[in-house]
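Please find below my notes on the model you sent, arranged as numbered points.

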Amino acid sequence: MPPPRPTPAPLRVDLVGSFLRPPGLKEAFRRHGRGELDPAGLRREQDAAIRDLVAAEEAHGLPLVGDGEFRRENFNQSFAVVAGMEPW
């Protein structure tokens, strides 16, 4: 039998996506950038950080959970290059 869910907070919350990256994940991105960590190793670090984040989100009783955008190096990665615009 699953444990009881926490009582929902008396306010509305929206999950917008990005969470602060934990120190270990930031270090993994740095190591990957220096060529010290291969893509598979970076993926393992991302997977572990995402599992921890989802567990925390569930523990707080959030109605939706997400990956915190932990596969991106930074929040603006997908906006850095836009067709027809100069790169940042």
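The points below take the core and then the salt bridges.

1. It should be kept in mind throughout that this is a predicted model. Its largest nonpolar core has 10 residues, namely Leu25, Ala28, Phe29, Leu37, Leu42, Ala49, Ile50, Leu53, Val54 and Phe70. Two or more of these residues come from each of helix H1 (23-33) and helix H2 (39-59), and H2 gives the most, with five residues.

2. Phe29 belongs to that core, and, if neighbours within four places in sequence are left aside, Phe29 is in contact with Leu42, Gln46, Phe70, Arg71, Arg72 and Glu73.

3. A search of the whole structure finds six salt bridges. One of them joins Glu27 and Arg30, with the closest N and O atoms 3.1 Å apart; these two residues lie three apart in helix H1, and are therefore separated by about one helical turn. Glu27 is partly exposed at a relative accessible area of 30%, as is Arg30 at 44%. The pair is also part of a network of salt bridges that links Glu27, Arg30, Arg34 and Glu36.

4. In helix H2, Asp47 and Arg43 are four residues apart, which means a separation of about one helical turn, and their side chains form a salt bridge at 3.8 Å, N to O. Asp47 is partly exposed, with a relative accessible area of 24%, and Arg43 is likewise partly exposed, with 44%.

5. Arg72, listed above among the contacts of Phe29, forms a salt bridge with Glu69, for which the closest N and O atoms are 4.0 Å apart. Arg72 counts as partly exposed at 23% relative accessibility, and Glu69 counts as partly exposed at 24%.

Note on methods: Residues numbered from 1 in each chain as written. Predicted model: local features only at pLDDT ≥ 70, side-chain atom pairs only at ≥ 80, totals over all residues. Heavy atoms only, no water. Core = buried A, V, L, I, M, F, W, Y, C linked by side-chain atoms within 4.5 Å. Buried < 20%, exposed > 50% of the residue type's maximum accessible area, 1.4 Å probe, protein only. Contact = heavy atoms within 4.5 Å.
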